[in-house]
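I opened the notebook to go through this structure step by step. My entries follow in the order in which I looked things up.

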Amino acid sequence: MTLAPILTAAAPFALALAIGAAVLAATGHEPFSVYRLMVEEAFGGERRLAATLTAATPLLLTGLAAAVAFRAGVFNVGVEGCFYLGGLVAAVVGYQFGDWPAALLIPAGLMLALAVGAAWMALPGALRVRLGVDEVVTTLMLNFIAIGLTSWLVNGPLLARGSANSATPPIAASAELARLLPPTSLNAGFLISLALVIAYGFWGRLTVGGFRSRLVGLNARFSGAVGLAPGRVVFGAMIVSGAIGGLAGGIHALGLVHRFVAGFSPGYGFTGIAIALLARNSALGVALAAVLFGALTSAGANIQLFSDVPIEIVQILQGAVMIFAVAQFGLRRRSAA
Amino acid sequence: MIDDFLRAALVMTTPILLTALGGLINRLGGIVNIGLEAMMLAGALVAVEVSAGTDSVALALLAAALAGGAVGAAMSLVVTRLRANEIIVGLGFTVAVAGFVRYLLKTLYGVAGTYAPPGVALLPRFDIPFLDGIPVLGALSHLDALTWGAWALVPLTAFALHRTRWGLRLRATGSSEATVRAVGLAPLSIRDVSTTIAGALAGLAGAHLSIGVVGLFNEGITGGRGFIALAAFYFGRESPWRTALGALLFGFFEAAQIRLQGHGLPADIVQTLPYVIVIIVLTGLGIADRARARTS
């Protein structure tokens, strides 16, 4: 009972590492020394660990956002779009109302980011529940719409004056989330994200709402028959998932980037999907997988500096993990389909 | 003037049309292909390399189709044999192949982003002299071979899907896997073939992007066209002709958007239109289904 989930989560990772090793070996690199260097760069020493946790911060929340939806049986792949919108909204609040005190400014920015993420998922949620429209395609399309919309806003109406690149003005110092371990960029956003993942763990195990959402995810028709309202649960999961995605973007803007730029997310929303799948929606799993992917990202940036291995090896590994995270190797019993 | 615009729209339709036809075939076989972007990218890179190396457009196209088909086959095997969710596998391939291509550019050619080897042979163009100068129809002159090929594929696909045994088996695999298995056919293999075809067509689409006009490869060369193709075949539902109409619509958008740059219409917004249309089409279909369910 205790071993099986670890095995099913480790198998995709091992396969991805094998593929990465093949790519490295074929291009004249020594896979094991590259991997060892990556582990050292990700976890060796306080600063490197802080960099890893900083990189894990957005992933904790995008993974959580995906898990909340998947758990209720909704396949929300629109977290990426919520992340962009949340980031933009928080950044705008952060520079527009820079004279507000931090105690007001930061909650306002984050709450608005959360609200915009939730609102963005209202349409696909309603379409799924009311009209049975497949949420995978609508949420995927909404990602591109959100990215185009935010990119237009930072290229035009919200472009920082005198700035050549597509970015908003920097946020006020009072809007920046507190740093935990200066000079590293690890910030309070990490604690907020971790707290939310832990809260999700308790919610899922101990509350009626958590039980209800799992039941609907496992069998919507049955839960409808026993008097739950699957439609309401599904819609709620969609909204909460969007809210967490928006908050993730807000934290990323106020905690790390300190403004909104075009290309704000290198696919955090999509990595979140891989994280939730690897974790099989468990809170502990989300935390572990987010740190693992954070380690990959921060190590990838460093190995490019210290060796001639291109940073894209990380992208190859992440994609491969995604592919194998949903593959079934016969470790689990076949569902009766 | 109008001819130039129409020709540009037709040329921009080509990669979307090729990919969308592949996606349509794949979807009728039971797989929604989110990895088309990856297959297109593979085709685009291989086409430039082979075209520069052999000076042969035919070989370049063949290689691009093989490369796209190989990515498609790999994706399909994970979906059909390891029973993996096709959406996630498709996204995973999009991420991994994009990373792999950039990795290759850096390690093999030592370039970041753009790869422009000398001596890339471009797709041949066909001049139709008596059309030159005729308004609208003049657009059909100077078109490249793949554009003609893509449009020839539309009736061919329609015929293959509805008038051949193969088409029937494919559609049956998508709509009723158990029946196909019961009559002794292998639905998973049929599905794999359909994904491989989709990959090959996407690979050709990639070749059109890289050796169609300019003769270079850029990591962003596909520019989300795999997803626009997805939009086109969702728009087209089960019909190759409707899918072609969708592709043409998006090709027009793209050409119009380039024309309108600097005229106040923001490119970022116009680029989102295909995606907005998909949501509208899906909503319309949902409403129609609901209405049908009520009346029956």
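**Entry 1: Leu317(A)**

I then looked for its partners, leaving aside neighbours within four places in sequence. Leu317(A) is in contact with Ala16(A), Gly20(A) and Leu296(A). I also checked one distance along the chain. Val116(A) is 201 residues away from Leu317(A), and their C-alpha atoms are separated by 32 Å.

**Entry 2: confidence**

I looked up the scores next. The model has ipTM 0.87 and pTM 0.87. Chain A has an average pLDDT of 88, with 95% of the residues at 70 or above. For chain B the mean is 91, and 99% of the residues reach 70 or more.

Which element of chain A has the lowest mean pLDDT? I found helix α10, residues 220-225, at 77. The highest mean among the elements of chain A, 96, belongs to helix α4, residues 79-96.

I marked one stretch for caution. Over residues 332-337 of chain A, pLDDT stays under 50. The model has one contact beyond four places in sequence for that stretch. Where pLDDT is low, predicted coordinates should not be read in detail.

**Entry 3: where the chains meet**

I turned to the interface. On chain A, 38 residues are in contact with 38 residues of chain B. Four helices of chain A each supply at least two residues of the side that touches chain B: α6 (122-131), α7 (135-155), α12 (268-278) and α14 (312-325). The largest share comes from α7(A), with 11 residues. I sorted this side of chain A by class. It has 25 nonpolar residues, 12 polar ones and one charged.

**Entry 4: α6(A) against α7(A)**

Which residues of α6(A) meet α7(A)? I listed Pro124(A), Leu127(A) and Arg128(A). On α7(A), the residues are Glu135(A), Thr138(A), Thr139(A) and Leu142(A). By class, this contact has three nonpolar, two polar and two charged residues.

I went to Leu64(A), in helix α3 (residues 46-71) of chain A. Leu64(A) counts as buried because it has 32 C-beta neighbours inside 10 Å. Leaving aside neighbours within four places in sequence, I found Leu64(A) in contact with Leu196(A), Val197(A), Tyr200(A), Ile244(A) and Val286(A). Ala290(A) is 226 residues from Leu64(A) along the chain, yet their C-alpha atoms are separated by 9.4 Å.

I then checked the helix pair. α3(A) packs with helix α13 (residues 283-306) of chain A at an angle of about 135°, the axes being 7 Å apart. The two helices are therefore oblique to each other. The crossing is right-handed. From α3(A), the contact residues include Leu59(A), Leu60(A), Gly63(A) and Leu64(A). From α13(A), they include Val286(A), Ala290(A), Phe293(A) and Gly294(A). I counted classes again: 15 nonpolar, five polar and no charged residues.

**Entry 5: backbone**

I finished with backbone geometry. Most residues other than glycine have a negative phi, and most peptide bonds are trans.

Which peptide bond did I note as cis? It runs from Pro182(A) to Pro183(A), with omega near 5°. Pro183(A) lies in the loop between α7 and α8 (188-206) of chain A.

I noted two positive phi values in residues other than glycine. Arg280(A) has phi near 45°. I found Arg280(A) in the loop between α12 and α13 of chain A. With 15 other C-beta atoms within 10 Å, Arg280(A) is partly exposed. His142(B) has phi near 65°. Its place is the loop between β2 (125-126) and β3 (143-144) of chain B. His142(B) has 16 other C-beta atoms within 10 Å and is partly exposed.

Technical notes: Residues numbered from 1 in each chain as written. Chains lettered and ligands numbered in written order. Predicted model: local features only at pLDDT ≥ 70, side-chain atom pairs only at ≥ 80, totals over all residues. Contact = placed C-beta atoms within 7 Å. Nonpolar A, V, L, I, M, F, W, Y, C, P; charged D, E, K, R; others polar. pLDDT = per-residue confidence, 0-100. Buried ≥ 20, exposed ≤ 12 C-beta atoms within 10 Å, placed from the backbone. Axes fitted to C-alpha atoms, helices over the stretch in contact; angles between N-to-C directions. Parallel < 35°, antiparallel > 145°, perpendicular 65-115°, else oblique. Left-handed = near helix turned anticlockwise from the far one by under 90°.
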